[in-house]
Amino acid sequence: MTTTRTTTTASTALPGGTWTLGDLTVTRFGYGAMQLAGPGVTGPPADRDGALAVLREAVRLGITHVDTADAYGPHVTNELIREALHPYPDGLHIVTKVGARRDADGGWPPAREPDDLRRAVHDNLETLGVDTLDLVNLRLGDATGPRPGSLATAYETLVELQRQGLIRHLGLSNATPEQIAEAETIAPFVCVQNLYNLAHRQDDALIDRLAARGVAYVPYFPLGGFTPLQSATLSQVAERHGVRPTAVALAWLLHRSPNILLIPGTSSAAHLRENVAGAGLALREEDLAALDTIGGTRRTPQTP
Ligand SMILES: NC(=O)c1ccc[n+]([C@@H]2O[C@H](COP(=O)([O-])OP(=O)(O)OC[C@H]3O[C@@H](n4cnc5c(N)ncnc54)[C@H](OP(=O)(O)O)[C@@H]3O)[C@@H](O)[C@H]2O)c1
C-alpha cells in the first residue's frame, strides 16, 4: 500500500458544484458504494478488481463524497474503499451509517442499542482505516422504510461518540419528519438521507424545509435502487435530449433543490462516467413539467 497522499482533481467541474456539510466541502455529485458488495449486498464482489477500479475512477473524476456502511457485505464495501483509496486524498469525505446489522439471511435488522452503535462506529473506524469518521448517519426505520418512534437514546449515543472525537458530523437516515424534529432538539445534524427519486416524492416538503435551514438532503435509490426507474414520460424526455433515462433522473434531482446531494450507485466505471456526464443535462421547463407528473403529485415550490 502506498503512503503517498494525493489531492482530488477539480471538483467544480462536476455537475452541481459543491455543498458544505458542516465544515466539509463535498461535490454534490457523489458516489454510493453499496453496489460494490456481492449479490444482495452480501459477501465479496464477483469482480474485485473492477470494484476497486470504480472507486479509483470516482476520485479521478473529482468526486469527493463517497457513501458507505460497514453493514455492506458486511465489511466488504468499507474494506474495498480502504484498499482502493487509503491513504485518502485530501478533500475526499467518506460518509457512513450505523443502526442496522446483517443477519444470516442477509436481512437488515435494527441495531440501535447504545452498545450496537458504539461497536458499529468502532468497526467503521477500523475497516475504513481512520481515527475519525467524517459523517455518520443514524439509520432508522427498517427495510420497509421509516418507522415512528423516539430516536433519543440512539442519537444521544452518537452525540457522545462525536464528543469523544470519533465522529466529525452527524446525519439521519430513513427518518420521519417527527424524528428529524426530535433530533433538532438534541444536537445538530448536517444531512438527511432518505429514499427519494422521480417516482418517490414523499419528502418534497421536507427537502424544502431542510434547504431553508442549510441541511443537505441525500436521496438514496436516486435511480430506483434494485428496481430501476421506469416511466414512459421519463423515456420521452430522455429521447428528446438523446440521453439515457438515468441522466434525466440525476439531472432532475440536481435541479430539484440546491441542498440535494447525489450518491448514485454503480459497479461499472463506464456507468459512473456516463452518470457524471448525464447529470449535467440542462432540463427545460417543458421537461420539468412533464417529469413533475411522474410521482403522481406536483412537488411543492422550491424555497428561494
Ligand atoms: N440509508 C439507507 O438506508 C440506504 C439504503 C439504500 C442505499 N443507500 C445508499 O444509496 C446509494 C445509492 O443507492 P443504490 O446504489 O442502491 O441505488 P441507485 O443509485 O438508485 O441505483 C443503482 C443501480 O442503478 C444501476 N445503474 C447506475 N448507473 C447506471 C447507468 N448509467 N445505466 C444503467 N444502470 C445504471 C446500477 O447498476 P450497475 O452496477 O450495473 O451500474 C445499480 O443496479 C447506495 O450506494 C448506498 O450508499 C442508503
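**Helix packing, sheet and cores in a predicted model**

Helix H1 crosses H2 in a right-handed sense. In this predicted model, the two helices, H1 (residues 48-60) and H2 (residues 76-85), pack at about 65°, and their axes lie 9 Å apart. On the H1 side, the contact is made by Arg 48, Ala 51, Leu 52, Leu 55, Arg 56 and Val 59, which meet Leu 80, Ile 81, Glu 83, Ala 84 and Leu 85 of H2. Sorted by class, that contact comes out at eight nonpolar and three charged residues, with no polar ones.

Turning to the strands, seven of them make up an open sheet with parallel pairing, and the order runs E3-E4-E5-E6-E7-E8-E9. Strands E3 (31-32) and E9 (216-217) sit at the edges with a single partner strand each, so one side of each has no neighbour in the sheet. Inside the order, E7 (residues 167-173) and E8 (residues 191-193) run parallel and are joined by three bridges.

As for the nonpolar side chains, the largest core takes in 81 residues, and Tyr 31, Tyr 155 and Leu 158 have the most contacts inside it. The biggest contribution to this core comes from helix H8 (residues 245-256), which puts in seven residues. Leaving aside residues up to four places away in sequence, Leu 158 touches Val 98, Leu 117, Val 121, Val 136, Leu 138, Ile 167 and Leu 170.

How values were computed. Residues are numbered from 1 along each chain as its sequence is written. This is a predicted model: local features need pLDDT of at least 70, side-chain atom pairs count only at pLDDT 80 or more; totals for chains, interfaces and linings use all residues. Side-chain values use heavy atoms; hydrogens and water are left out. Two strands pair if DSSP finds at least two bridges between them. Helices (H or I, at least four residues) and strands (E, at least two) are DSSP runs, numbered from the N terminus. A nonpolar core is a set of buried Ala, Val, Leu, Ile, Met, Phe, Trp, Tyr and Cys residues joined through side-chain atoms within 4.5 Å. Buried means under 20% relative accessible area, exposed over 50%, partly exposed in between (1.4 Å probe, protein chains only). Contact means heavy atoms within 4.5 Å. Axes are lines fitted to C-alpha atoms, for helices over the stretch in contact, and angles run from 0 to 180 degrees between N-to-C directions. A crossing is left-handed if the near helix is turned anticlockwise from the far one by less than a right angle, and right-handed if clockwise. Ala, Val, Leu, Ile, Met, Phe, Trp, Tyr, Cys and Pro count as nonpolar, Asp, Glu, Lys and Arg as charged, and the others, Gly among them, as polar.
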